[in-house]
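Thanks for coming. Please have the sequence and the model open while I talk, and find each residue as I name it.

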Amino acid sequence: MNDRAGRRRARRLAIGTAVVLALAGMNGPWLYRFGTAKYHRYQINKPEYKAENGKWEIVDFPKKYRQNTIHAALLRTGKVLLVAGSGNNQDNFDAKKFDTRIWDPVKGTIKKVPTPKDLFCTGHTQLANGNLLIAGGTKRYEKLKGDVTKAGGLMIVHNENPDQPITLPAGTKFTGKENGRTFVSRDPVVVERATKVFDQQTGRFLRNDPGLGRIYVEAQKSGAKYETGTQDNYRIQGLTGTDARNTYGIAQKLALDKKDFQGIRDAFEFDPVAEKYIKVDPMKEARWYPTLTTLSDGKVLSVSGLDDIGQLVPGKNEVFDPKTKKWTYLPKVRQFPTYPGLFLMQNGKVFYSGSNAGYGPDNVGRDPGIWDVASNKFTKIPGLSDPNRMETSGTVLLPPAQDEKFMVIGGGGVGESKLSSNRTRIVDMKADSPKFVDGPTLEKGTRYPQASILPDDTVLVSGGSEDYRGRGDSNILQARLYHPDTNTFESVADPLVGRNYHSGSLLLPDGRVMFFGSDSLYGDKANTKPGTFEQRIEIYTPPYLYRDSRPSLSGGPQTIARGASGTFTSPQASVIKKVRLIRPSASTHVTDVDQRSVELKFTVSGDKVEVTVPRNRNLVQSGWYMLFVDDDQGTPSKAQWVRVP
């Protein structure tokens, strides 16, 4: 425990003891009537309490601006993009009511933005030009067993013609050779031509490997009598001649089972200056619940997700080129669960923490490790505690980013499991043989924890729930500051609002932290009442903003290249002890692979602070950053926006 944290704990204990002694002298009935909520509000608003613990405040937008926020990103304008899409609301989806808001946390203004597609459960990341890349979303909502009226499922279409692909329109009919039942496709599909296979030694032709297309089909009429129980080959109606001989479908069981969400291929850039979506080339694969991660060359990797028939994308990952606005497949496949925690390392490889937000087999792509995207080699990292409780865990690159230490926080069992973990696990990726070791434990098993890097090198860890989606009234109203230098947690003020599924947090340029969302499955402890989406925004003001003064920063260049320096002005330059370059967050589903805090070397002369940006492009990716300076008390300035080209 560092000295400052120890002094703060001692003062907090003294304050709490004084309160207990004061209340002890009061009579019981008065204490009962007064002692809970009212006195608590009084206590947490005392200056000395806020200086030790910080303060939480609720921002409740006017009713016409409220929405079910699923995604949030800090824009280079200092405003916050709040994206709901249909907001996990089937009625909104059916009505094509898709929502986006832009909130200015300084002016307090909020406005609606036209939303072109259902960007519910999309993926996003910051681009070098300051735009936000958004890809994927919802094509169809899930249907639970009992709500499905027409038998359906996955049809694999085969094309044995090596000379050309074939396109089948939506509404194509497939009739089983054995069962005689007819199913209809919901969407068009392009089936690539077959591949000729030759003997590598003799050059002799061996066979044609058919091209494959995946499509969702359903029965023409409702009822259980149209279900199938076994695999069958399907003749495609309307095809004749060579096409009829070369093209056919194969399906396993087509039934009234639950139908999962389906994804879309659409992709957009959000322009923070024009404040509008700009359509770019669609992805090769439809994706719902994907992760987008920036690679060493500035291209963006898109991984995992449910496709346009509700199946997990079978390891077909792709990259977006910001220059051409086009997507291309990676040459080799690698499968992950949805929303995997993927982070660019300083050597250009990608660290997979094992964190994910669900969907996918429990024995494929779950092990953490180092992924060399170029060669597709994957090296597992040992030592992970509670390895079967990594779903809905959070991962954060601890500050400063140069140390390349990651913390994995909490998590739960696969799917709707009641299991949850109170562990934190830390891995040093600069070690000769990286392995996980346990960090300080949480008080409770925690799914959906939020973690935000602060400019004083602490990490705010807050919220979550003990059970799946807050089941059993299990939201955790606790917050802690993690100190990487001492590997300890410090309790701070408790949040006012519970946050679980569909929630997130991000650091604001003034040093405060914004929290959004939460989507409890039930609204009571007995799990009998349906939950309601939490539309309120909550702001946490850390203790460092309740000190007597804070350093200021002004002037300086708006652009600093890697390896170059820039000079800023600060009247408090003589007491500056740290300079940090923090990448703005893009957060959803306990996944924020953008946030990182980079240490900058600096020199001081009079009221001038000269800062130098590291040369490593994998450490400092191209884009816009918040530049903070901290004084000798650990108090940060407000951020200056700086672009690294």
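Let me begin with one pair of residues. In strand S35, the bridge partner of Ala451 is Val461. Helices (H or I, at least four residues) and strands (E, at least two) are DSSP runs, numbered from the N terminus. Two strands pair if DSSP finds at least two bridges between them. Here four bridges join S34, residues 450-453, to S35, residues 459-462, and the two run antiparallel.

Before going on, a word on the source. This is a predicted model, where local features need pLDDT of at least 70, side-chain atom pairs count only at pLDDT 80 or more, and totals for chains, interfaces and linings use all residues. Residues are numbered from 1 along each chain as its sequence is written, and side-chain values use heavy atoms, with hydrogens and water left out.

Back to the hairpin. S34 and S35 have five residues between them, and Asp457 in that turn has a positive phi of about 75°.

Now the whole chain. The chain has six helices and 48 strands. Of its 645 residues, 56% count as buried. The C-alpha trace spans about 90 × 65 × 45 Å along its principal axes. A compact globule with 645 residues would have a radius of gyration near 26 Å, and the chain agrees, with 27 Å. That radius is taken over C-alpha atoms, and the globule rule is 2.2 Å times the number of residues to the power 0.38. Among contacts between residues at least 6 apart in sequence, 61% join residues at least 24 apart. Contact means heavy atoms within 4.5 Å.

Six strands make a closed barrel in the order S9-S16-S12-S11-S17-S18, with antiparallel pairing. From one strand to the next, the twist averages 40°. For that angle, axes are lines fitted to C-alpha atoms, for helices over the stretch in contact, and angles run from 0 to 180 degrees between N-to-C directions. Phe174 has Phe183 of S12 as its bridge partner.

The other sheet is open, with five strands in the order S5-S4-S3-S2-S43, again antiparallel. Its edge strands, S5 (110-112) and S43 (586-587), each pair on one side only. S3 (residues 80-85) and S4 (residues 99-103) pair over five bridges, and Leu81 stands opposite Ile102 in S4.

What about the interior? In soluble globular proteins, nonpolar side chains tend to be buried together. A nonpolar core is a set of buried Ala, Val, Leu, Ile, Met, Phe, Trp, Tyr and Cys residues joined through side-chain atoms within 4.5 Å. The largest one here has 34 residues, and Phe351, Met429, Leu581, Val620 and Leu627 have the most contacts inside it. Strands that each supply at least two residues of this core include S42 (576-582) and S47 (623-631). A second, separate core of 33 residues includes Tyr49, Ala72, Met626 and Trp641. Leu581 touches, among others, Val620, Met626 and Leu627, not counting residues up to four places away in sequence.

In H3, residues 37-44, Tyr39, Gln43 and Ile44 are buried. Seen down the axis of H3, these buried residues fall within an arc of 130°, so they line one face of the helix. The arc is that of the directions from the helix axis to the C-beta atoms.

Last, some backbone exceptions. Most residues other than glycine have a negative phi, and most peptide bonds are trans. Tyr339 is not a glycine, yet has a positive phi of about 45°. Tyr339 sits in the loop between S25 (326-329) and S26 (342-344), and is buried, with a relative accessible area of 1%. Glu404 also has a positive phi, near 50°. Glu404 is in the loop between S30 and S31, and is buried at 7% relative accessible area. Which peptide bond is cis, with omega near -10°? The bond from Pro399 to Pro400. Pro400 lies in the loop between S30 (394-397) and S31.

That is the end of my part.

Conventions: Buried < 20%, exposed > 50% of the residue type's maximum accessible area, 1.4 Å probe, protein only.
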